[in-house]
Amino acid sequence: MSALTANNATVKFFKEQLLRLLRSNSELSATIYEVFINGGYAYVVGGYVRDLLNNTQSRDVDIIIDLPKDKFERIINTYCTNYSINRHGGIKIHIGDFSVDMWRIDDNWAFKNELVNYNENNVLESIAAGCFYDYDALVVNMLSGGYNIHYYTDCIRKKQLAILRQNPNYSNLNPTVEANILRAFYLKKTQNLDFSSSVSNYIINKMPTISLDIKESLQKLLDIKKGYPKYEILTMDYIKQEYSKLLYSNNQITNEHYLLSYDFLLS
């Protein structure tokens, strides 16, 4: 199915595929069902939705839950027998080689820091707009099949990766700087996406905050990369080369971070 399709057939497609996901595991099915009967909502976000659109196999799924904390914790403790706390403070349910990450919507960093307005009348848009990159801004209501994928489709149409929000606090307060930079280089390499000015400026401005020594910055990225197996294809040489080109193309040759590491970047 084309990612650009936006009609009732797409709603039906998402409902069928998410029902298949729930039927694949009784533990996950019971958990989501209890969320629904307790008056809550569940939204699948990011890569799983993108993989459905592109008929690609997924290794995990991210789900945002809209439900009070006490009810959510009771449901997890009742129906989930094998789970851990994920790197962002949510719940990771282990289902063989497949994993399910769940967060409560109140714990979403963009909403918590009031960087994105939560609109109860358009929750799908609120959640999509809270994603960092447009490539990852896909969200589907698990009950209705309603969806929001327009940021993603714009990214694919333009072949350009962008940070969704222009407010500087949005990028400055994001807690996963190294992961964001790694993801940008990964998407450039694997999806052939150019960087928008927002992404270019983000990388140029944030690399020196990791370390003023570019070699130490890149080593820190490689250390962080170990927690993301799919980023294994990113090598020191590739990141160094792309970062050098980024500085050069954005007239940052006089950037102190660049000058201090000029020989290393060219080696």
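The questions below concern the sheet, an aromatic pair and the packing of helices.

Mentor: This is a predicted model, in which local features need pLDDT of at least 70 and side-chain atom pairs count only at pLDDT 80 or more, while totals for chains, interfaces and linings use all residues. Residues are numbered from 1 along each chain as its sequence is written, and side-chain values use heavy atoms, with hydrogens and water left out.

Trainee: Which residue in β2 is the bridge partner of Tyr43?
Mentor: Strand β1 (residues 41-45) pairs with strand β2 (residues 60-66) in the antiparallel sense, over 5 bridges. In β2, the bridge partner of Tyr43 is Ile64.

Trainee: Is the aromatic pair of Tyr48 and Phe98 stacked or edge-to-face?
Mentor: Rings of Phe, Tyr and Trp (its six-membered ring) pair if their centres lie within 6.5 Å; planes under 30 degrees apart count as stacked, over 60 as edge-to-face and the rest as tilted. By this rule there are 13 aromatic pairs. For Tyr48 and Phe98, the centres are 6.4 Å apart and the planes are at 75°, which makes the pair edge-to-face.

Trainee: How are α11 and α12 oriented to each other?
Mentor: Axes are lines fitted to C-alpha atoms, for helices over the stretch in contact, and angles run from 0 to 180 degrees between N-to-C directions. Angles under 35 degrees count as roughly parallel, over 145 as roughly antiparallel, 65 to 115 as roughly perpendicular and the rest as oblique. Helix α11 (residues 214-225) and helix α12 (residues 236-249) pack at about 130°, with their axes 10 Å apart. The two helices α11 and α12 are therefore oblique.

Trainee: Which residues of α12 make the contact with α9?
Mentor: The axes of helix α9 (residues 177-191) and α12 come within 11 Å and cross at roughly 90°, so α9 is roughly perpendicular to α12. Contact means heavy atoms within 4.5 Å. From α9, the contact involves Leu182, Phe185, Lys188 and Lys189. From α12, the residues are Tyr238, Ile239, Glu242 and Tyr243.

Notes. Helix = DSSP H or I, 4+ residues; strand = E, 2+ residues; numbered from the N terminus. Pairing = 2+ DSSP bridges.
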